[in-house]
Amino acid sequence: MVLSVQSKILLTVLSIVLMFALFILFYYPARQERYLLENYNTEIENYANTVALGVKIALTEENFEGVEMALNFVRDDSRLQFVSIILTDSVWNNDHTDYAIEKSVFKTYPENIEVDPYAESNDNFINKSTPFLTPMMNGEIMLSFSTSEIKKGRTQIRIASAVASFVVFVIGLFIGYLLARRISVPVLALRDAANKVGEGDLTQSVKNKSRDEIGELGVAFNKMVRDLSSARKEIDQRRKELMNEKRKSDELLLNILPSETAEELKRTGKAKAKHYDSVTVLFTDFKDFTAISEKMSANELVNELHHCFSMFDNIIRKYNIEKIKTIGDSYMCVAGLPVKNTTHPFDAVNAALEIIDCIITYNKEREAIGASGFDVRIGIHTGPVVAGIVGVNKFAYDIWGSTVNTASRLENASEANKVNISESLYNIIKDKYDCSLRGKIDVKGLGEIPMYFLNGIKKLTKKLN
Amino acid sequence: MKRILYIFILSLFIGLLLPWSVNAQDEQLVVIGNAVSVPSEIDMNLLKSVFKGEKLRWNDGSIVNIALMKTSTPIGSYTSNKIYNMTGNELNKYFLALVFQGKVKAPTFFNSVNELEAYVAQTPGAIGVLQKVNDTLLKIILVDGKKQI
């Protein structure tokens, strides 16, 4: 059983109060009764002594004032049972070798009481004797007082003790409750506040009404919570900054890596090369770029490339095509990875058509300002590749395989603002797209392969004518 | 010379015997009383009753105060014998018994006549016994019509 602080304090105070109450209830009355009895005995002895002295003076000095006064006091006492003059005589035996003291009653007040000169005290009476010696009479004064007053006094003491004990207990209980409450309430408030702080609520504070140790604890607690709150705000700020930086780095990473590959690289520290059975590789290249570039400054050239490739980036993003790299004025991208899909041939041809449209539009804009435009050649091929990252620095996601070479060769064999596709791709899209057979064209390293110009979507054939 | 010595010894003997002869002749008692409350004449029986504590108040209601010479004095001893028919010790025991039981106010005992006379003169209801009265202003109580008993 776990006792609360309040219960412990209350029990402690109650224990002390209970001991005190028991002391008042038992020890104190016993002590008072003993004092009462002693005082009673002393008082009776004093009476007996006074009367005996009065008798002695009366018999020796013939002055009865003392004994009269003493007896008046004694007789006026309601507790008096009797007062007697007991005569003591020595009675020798016949051989006169030993004697005994015989007592006889000379006079008793009140007269009607039969007094035993040898009577001892008992529960009902206290008998006290004081001897006196005079030339004419030896004896003792015997006083007997009733113990009824003692019993009455004892009862009163016990009642008073019981009442006092009860009052002390109640007051102690009340004080104990107040004390326990005064200590436990702030402690419990501290506990509750600490629990809430533990749950993350750093707005907690406790009210301090006292300046004692508990009050100091409350002040320290409030300071701790404030410090924690400040620290957490600073941590949150740092975390936001960190997240921002992470987001930036992720964006940078995603710029150079496919998201799935980037996640795999972040998760495992490396990305395995992966084989894809079917992807569509798209190459673009600006026709006569070298000759055009010689007419431009390097900055202007780069700006133009950046503008065009940015347009390409926006187009292929719409078709979920992964940009691989740019090499000079060449732009390489692939559809169908890193997440495999079945629409990659269509995505690639749609993107190629849109690139052509975009370049034609851009050329018109340049011609309008008197600048020369760029003609773009596009080659597309569908086939298997292996994709992955090589090296440990400057990660670059790349694809390898004959499909890449074929697509590159198709681009080389293409014409200005034309999309040159392979037979494999043609066989896939021919139902939906209008294509023109170019025949078999010899390309380096592959020999003669059939090629097709992509004219456009069958419904939109007129557009490219 | 022998005659002178004889006369001296005789005179000394007579001188020694003279007080006894005087006491014997003067063993007559005079009862005195306070001017207030105490009657001027009483009979012997009443006198004994008063001195034994049997009569506690005078007719006017005042308390009887008995004044006696201590029994250790000749007059006290004589008074004890004459009025109480007791020895001094018996008288003391007698009054102790009465006083103890609250029946009487004990007599006041004096060492000298003057003290007794002054007490009787100043204490209402006081009555005392002397051999002879020095204070001529004191009230002498006639007992059975006589000044001496």
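This is a predicted model: local features need pLDDT of at least 70, side-chain atom pairs count only at pLDDT 80 or more; totals for chains, interfaces and linings use all residues.
Residues are numbered from 1 along each chain as its sequence is written, and chains are lettered from A in the order in which they are written.

**Helix pair in chain A**
- Helix α1 (residues 5–61) and helix α3 (residues 148–198) of chain A pack at an angle of about 165°, with their axes 8 Å apart; axes are lines fitted to C-alpha atoms over the stretch in contact, and angles run from 0 to 180 degrees between N-to-C directions.
- α1(A) and α3(A) are therefore roughly antiparallel, a term for angles over 145 degrees.
- The contact of α1(A) with α3(A) has 29 nonpolar, 8 polar and 4 charged residues.

**Sheet in chain A**
- An open sheet of 4 strands in chain A has the order β2-β1-β4-β3 with antiparallel pairing, where two strands pair if DSSP finds at least two bridges between them and a strand is a DSSP run of E with at least two residues.
- Its edge strands, β2 (99–109) and β3 (125–133) of chain A, each pair on one side only.
- Strand β1 (residues 80–92) of chain A pairs with β2(A) over 10 bridges, and A:S90 stands opposite A:I101 in β2(A).

**Contact between the chains**
- In chain B, 14 residues are in contact with 16 residues of chain A, contact being C-beta atoms, placed from the backbone, within 7 Å.
- Helix α4 (residues 88–100) of chain B gives the largest share of the chain B side, 8 residues; helices are DSSP runs of H or I with at least four residues.

How values were computed. Two residues are in contact if their C-beta atoms, placed from the backbone, lie within 7 Å. Angles under 35 degrees count as roughly parallel, over 145 as roughly antiparallel, 65 to 115 as roughly perpendicular and the rest as oblique. Ala, Val, Leu, Ile, Met, Phe, Trp, Tyr, Cys and Pro count as nonpolar, Asp, Glu, Lys and Arg as charged, and the others, Gly among them, as polar.
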